[in-house]
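Here is a short briefing on selected backbone features. Please look over the sequence and the structure first.

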Amino acid sequence: MRRREFLASAAAFTATSAFAAPPSSTNGNVRFAITGALEQGSLAFGAAPPGSLAALDGRPLAITPDGHFAFGFDWDQTRASLVSVRYPDGGGDSRSFTPTKRQYEIQRVNGLPQETVTPPPQVIARINRENELIYLARMTSSEGSDFLSGFDWPAPGIESGVFGSQRIDNGVAVAPHFGVDMAAPVGTPIHAPAAGSVTISDDYYLDGGFTLMDHGQGVSTCYLHQSKRLVKVGDSVKRGQLIGHVGQTGRATGPHLHWAMNWFQVKLDPSRCTRKPKPDPL
Ligand SMILES: [Zn+2]
């Protein structure tokens with residue numbers, strides 16, 4: 001569906017008064033399905049009849065012509081997400097989904113270069129600018145649906161950091177860790193976990209060698225601390241394509257890949273979105 005058509009149909013959808021106060025469906029005749037881990041920090045996959053429209057909490061969602069859509073549960077979300085679908089025959093259903101609560105770890109990391117934990121004033125503007133560029137790139141809702149076939153692990157390694165853990169870096173409480181760390185030697189190949197297009201490829205202060213890939217409908221993944229980046233902005237990447245090498249650039253105590261996933265600005269745990277268990281370390 002072209003963007004203009006999508007916006008037009010979305011406007012028609014939100015104008016439908018039947019969805020102003022949607023009833024929670026309690027019968028088993030709902031004609032759409034939501035799959036995924038359905039827990040905090042996970043990506044949910046929606047499937048509805050072709051030609052349907054979908055909304056999350058009253059706001060239109062992108063949906064493929066054959067009825068596939070996605071949304072994410074925030075890492076600390078405790079409220080229900082309301083999914084509404086209008087079918088091409090004019091009928092519709094709404095259901096709410098409350099993500100399963102997770103217990104996150106507390107992780108102490110010592111030995112980080114102090115200038116990366118409390119950056120000197122002269123680099124704060126640079127860090128803010130880089131964070132803004134990432135934020136802006138994650139606003140993208142492309143028409144692709146590469147996320148639909150699921151994700152592979154991008155690199156082998158020892159899982160040295162988990163999603164959502166409260167980080168105490170050199171004794172200072174910093175933002176929770178929103179990604180999976182795979183410890184692996186410098187130069188270990190990183191492969192695209194799904195097809196996508198590259199929206200950022202650059203060297204950032206904290207993130208080091210950084211690549212952001214768009215997988216459609218707001219789903220994106222990124223790769224931090226790379227020693228080498230092998231794709232550039234605008235590249236279309238195939239599943240399994242070599243996109244870079246593991247490194248220790250930016251805020252890192254040792255060589256590892258920090259792999260993160262988002263639905264727009266909602267931070268997701270990529271380890272809960274893979275289609276296979278993680279590979280053995282090298
Ligand atoms: Zn990390």
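In what order do the four strands of the open sheet lie? The order is S4-S3-S6-S7, and the pairing is antiparallel. The model is predicted.

**The open sheet**
- Strand S4 (59-61) and strand S7 (92-97) are the edge strands. Each of them pairs on one side only.
- From one strand to the next, the twist averages 30°.
- Strand S3 covers residues 53-56. Three bridges join S3 to S4, and the two run antiparallel.
- Ala55 has its bridge partner in S4: Pro60.

- Most residues other than glycine have a negative phi.
- Leu38 sits in the loop between strand S1 (33-35) and strand S2 (43-47).
- Gln217 also lies in a loop, between strand S15 (208-214) and strand S16 (219-226).

**Burial of these two residues**
- Is Gln217 buried or exposed? Gln217 is buried, because 26 other C-beta atoms lie within 10 Å and the cut-off for buried is 20 or more.
- Leu38 has 16 other C-beta atoms within 10 Å, so it counts as partly exposed. That class falls between the limits of 12 or fewer for exposed and 20 or more for buried.

How values were computed. Residues numbered from 1 in each chain as written. Predicted model: local features only at pLDDT ≥ 70, side-chain atom pairs only at ≥ 80, totals over all residues. Pairing = 2+ DSSP bridges. Axes fitted to C-alpha atoms, helices over the stretch in contact; angles between N-to-C directions.
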